[in-house]
Amino acid sequence: MKLNKKIIARSILIILYLVLAIVMFLTGRTHTILIDNKGDEAGTYKAVKGMEVSVDKGEPVEFYKGDRDKFTVKSQKHTIHIEFFDGKEPVTFTVNIPVTQDYVLVSIPKYLAGIEPYMEEFDIYASNRAEAMAEEEE
């Protein structure tokens, strides 16, 4: 009888530890959001002339045409707030970052033009791989 109670108590503790570990992983995982203000070369969408962007009520950062900056965040759901320099109404929207992605690129001009996907995974090692492949071909 005592042995069964010990086994049950230990099983409950193991389950609690596993649940706690999963919660800590999901809420403590950091991601990098790259905010991009570049227009399309074909002219499908244009860069914003000037704006301030803040992520999750953080410090706002100024962006002009062609700018890109990064925000390091924790968890998956984030609110992006945009204040325009030309007096347009502010825009606020939410992005959900998949757990498996470390870097995501959010294109503000694409979002404002209603073009999907405005958020995509960003591979920071892609240019290094391209350079290595070019060197191998030579």
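## Ground rules

Buried means under 20% relative accessible area, exposed means over 50%, and partly exposed lies in between (1.4 Å probe, protein chains only). This is a predicted model, in which local features need pLDDT of at least 70 and side-chain atom pairs count only at pLDDT 80 or more, while totals for chains, interfaces and linings use all residues. Residues are numbered from 1 along each chain as its sequence is written, and side-chain values use heavy atoms, with hydrogens and water left out.

## Overall make-up

The protein has 3 helices and 8 strands. Both are DSSP runs numbered from the N terminus: helices are H or I with at least four residues, strands are E with at least two. From the N terminus, the order is α-β-β-β-β-β-β-β-α-β-α.

Of the 138 residues, 27% are buried. The protein exposes about 9,800 Å², and carbon and sulfur atoms supply 56% of that area. Areas come from the Shrake-Rupley method with a 1.4 Å probe; for residues, only the protein chains shown count as cover.

## The four-stranded sheet

Four strands form an open sheet in the order E4-E1-E7-E8, with mixed pairing. Strands E4 (68-74) and E8 (119-121) stand at the edges; each has a single partner strand, so one side of each lacks a neighbour in the sheet. Two strands pair if DSSP finds at least two bridges between them.

Strands E1 (residues 30-36) and E7 (residues 103-107) run parallel and are joined by 5 bridges. Ile35 stands opposite Val106 in E7.

## Two salt bridges

The count is 2 salt bridges. Each needs a side-chain nitrogen of Lys or Arg within 4 Å of a carboxyl oxygen of Asp or Glu.

Asp36 pairs with Arg68, with the closest N and O atoms 3.1 Å apart. This pair links Asp36 in strand E1 to Arg68 in strand E4, 32 residues apart. Asp36 is buried at 6% relative accessible area; Arg68 is partly exposed at 36%.

Glu120 pairs with Lys110, with the closest N and O atoms 3.8 Å apart. Glu120 lies in strand E8 and Lys110 in helix H2 (residues 108-113), 10 residues apart. Glu120 is partly exposed, with a relative accessible area of 36%. Lys110 is buried, at 16%.

## Ser54

Ser54 sits in strand E2 (residues 50-55). Its relative accessibility is 11%, so Ser54 counts as buried. Leaving aside neighbours within four places in sequence, Ser54 is in contact with Glu59, Pro60, Thr79, Ile80 and His81. Contact means heavy atoms within 4.5 Å.
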